[in-house]
Amino acid sequence: MANTTVDPLLEEIIGPTPGQLLRKRVFGHQGLMIGAVVLVLITLVALFAPQLAPHDPYAQSLVARMKPPVFLGGTWEHPLGTDHLGRDYLSRLIYGARVSLMIGAIAAAISGVIGTAMGVAAGYFGGRVDAVVTFLINVRLAMPVVLVALAVVAILGGSLTVVIMVLGFLLWDRFAVVMRASTRQVREREYVAAARAIGASTPRLLLTEIMPNILNNLIVVVTLEMAHAILLEAALSFLGLGVQPPTPSWGLMVSEGKNMMLFEPWLVLIPGAVLFVMVLAINLMGDGLRDVTAPENRN
Amino acid sequence: MLDAAKTPPALELRNITKTYTVKQGLIGKRRPLTAVRDVSLKLEKGEVLGLVGESGCGKSTLAKILLGLEPPTSGEVLVDGQALGVQDRLALARRIQPIFQDPYSSLNPRKSIADIVSLPLRIHGIGDAASQQKAVRDMLDVVGLPPRVMNTFPSQMSGGQRQRVAIARALIMKPEIVICDEPTSALDVSVQSQILNLLGDLRAEFGLTYLFISHNLAVVEHLATRVAVMYLGRIVEDVSSDDLFDASAHPYTQALLQSVLTPEPGLGVPDTQLGMAYPNPIDPPSGCGFHPRCRHATNLCSAQAPRPVPHRDGHVECHLHDPETAMFGTD
């Protein structure tokens with residue numbers, strides 16, 4: 001009865017398991033691997049920021065203001081130089097990764113849950129539910145994100161929590177639109193009818209028949225919205241509406257460096273380049289995940 | 001009186017009507033579309049009933065109603081003498097299982113073959129993981145698939161293999177009735193006969209009752225013991241298979257039989273004399289739905305709908321065969 005060991009001969013006949021095949025596809029995809037490695041590195045840097053940062057990101061030193069980075073003739077004391085208050089730029093970049101990643105992940109998670117629930121419900125049930133959700137999507141699309149964020153910050157004051165919440169509750173529109181369309185498409189497939197004829201309940205249908213088949217679209221939207229949230233945070237911080245100084249944030253660093261941009265362009269270029277690499281890595285990973293999870297690419 | 005003593009038919013439809021509401025355009029008004037019109041049908045145990053008709057005649061709607069996927073607008077479905085509405089959905093699922101038309105759409109592309117075939121067992125909570133696994137392997141063997149396909153995905157299989165998987169999924173619960181909705185029309189001709197033979201073998205092995213929906217008369221002839229011909233939501237003729245192919249009564253059935261291509265190349269495409277296209281179901285013709293295309297049509301046909309008349313061991317709906325109205329019919 002309890003004999004669960006698999007005969008090796010039988011294993012050979014059955015061939016590789018789905019898990020083994022998936023692993024092969026994941027590690028064979030270049031874009032996915034590049035994006036994932038970069039993103040894992042950034043995450044590790046953010047997690048171990050206190051151990052990695054050479055200096056305190058808040059420590060000011062007015063005698064050591066705007067030291068150039070090493071590659072522009074600076075010293076190894078400050079590898080990426082210092083800003084206009086003499087704070088170590090590398091340390092601020094390392095701590096800034098925490099803010100960007102946190103905003104991207106939490107905002108995408110909140111909006112993902114809201115948007116997916118609305119979109120799947122609208123697509124599956126149709127009728128009145130669909131009419132209500134479509135109306136809400138249109139209302140949301142008619143609101144400019146930056147203006148709403150501006151108003152909320154004006155009332156509540158700017159802070160990391162406020163920025164995350166504002167973005168989380170504003171960026172669900174694309175989730176809802178994409179999930180609604182995908183669900184409508186998938187629910188007409190005969191395997192959904194077959195599962196219903198077998199006796200599957202509605203929650204089971206949604207979770208095991210519909211969700212897995214719209215998951216690859218969801219992954220793409222998650223990565224897009226994560227990148228979107230990170231860029232919006234940078235934009236809001238640049239406008240002075242997002243993360244408040246002296247918290248290190250990449251958008252804020254660009255903003256603080258813009259006055260010196262003509263004389264010390266690296267003040268803007270370094271955080272800009274890091275932002276660019278992170279968004280690129282997230283998008284590469286999203287594309288890759290869609291590729292390896294699509295059923296068409298199994299062979 | 002004698003009928004009551006007999007075992008009830010495996011499946012019985014009583015006066016089933018299904019009406020959809022169709023909205024035409026943005027400001028168009030809502031109009032009813034009657035896909036199935038007052039259909040009564042009996043399916044005895046062990047029978048293979050072929051349901052034939054053109055696209056849009058209501059065959060698939062009827063299948064959906066039988067599977068409990070759509071409620072009928074009126075009328076009732078009886079399974080073993082019990083009304084479908086009062087039966088538990090799970091209990092119903094144990095008795096009636098579908099095989100769908102398109103095996104490329106009827107298998108979840110995200111699930112392995114083992115997951116797909118074992119889904120009914122898992123939903124109904126039959127056995128533990130190991131015994132389910134064994135049941136899947138046995139069932140795959142019955143439909144002629146090797147155990148190594150268990151870990152593959154539908155995208156790695158051919159159409160014929162996929163349809164075998166769909167058959168395995170339908171039969172793993174040992175249902176009494178299988179509704180086959182055009183199970184071979186999406187397959188290559190060479191594979192069609194394999195699947196048909198498999199269905200025939202399985203019927204004998206498990207004592208199944210089939211409702212076999214098709215627009216292909218050759219396929220129906222191969223498998224069916226009885227044939228029901230559907231036109232515009234009505235069953236116009238319902239006879240045993242032998243009678244249908246030897247002595248069909250309804251002009252529409254005759255036209256369908258003529259439309260079957262012969263293997264002889266010199267004969268060309270047969271002339272069915274059906275002429276004009278299938279009528280719009282939103283705006284059906286008056287009287288007998290078939291009269292605009294019927295070569296025997298008379299004034300009576302456009303004025304009054306024919307009633308079902310007993311014919312051989314079944315029935316036919318045509319004024320030509322109704323003793324009360326046949327005298328008006330002229331060619």
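Two residues are taken to be in contact if their C-beta atoms, placed from the backbone, lie within 7 Å. By this criterion the contact draws 24 residues from chain A and 28 residues from chain B. The model is a predicted one, in which local features need pLDDT of at least 70 and side-chain atom pairs count only at pLDDT 80 or more, while totals for chains, interfaces and linings use all residues. Residues are numbered from 1 along each chain as its sequence is written, and chains are lettered from A and ligands numbered from 1 in the order in which they are written.

On the side of chain A that touches chain B, the elements giving two or more residues are α1 (8-14), α10 (190-198) and α11 (202-238) of chain A, where helices (H or I, at least four residues) and strands (E, at least two) are DSSP runs numbered from the N terminus. The most comes from α10(A), with eight residues.

Within chain B, eight strands form an open sheet of mixed pairing, in the order β6-β7-β8-β3-β9-β10-β12-β11; two strands pair if DSSP finds at least two bridges between them. Because β6 (96-99) and β11 (308-311) of chain B stand at the edges with a single partner strand each, one side of each is left without a neighbour in the sheet. Further in, β3 (residues 48-52) and β8 (residues 209-214) of chain B pair in the parallel sense over five bridges, and Val48(B) stands opposite Tyr210(B) in β8(B).

Helix α6 (residues 159-171) of chain B packs on this sheet, touching β6 and β7 (177-181) of chain B, and its direction makes about 175 degrees with that of β6(B); axes are lines fitted to C-alpha atoms, for helices over the stretch in contact, and angles run from 0 to 180 degrees between N-to-C directions.
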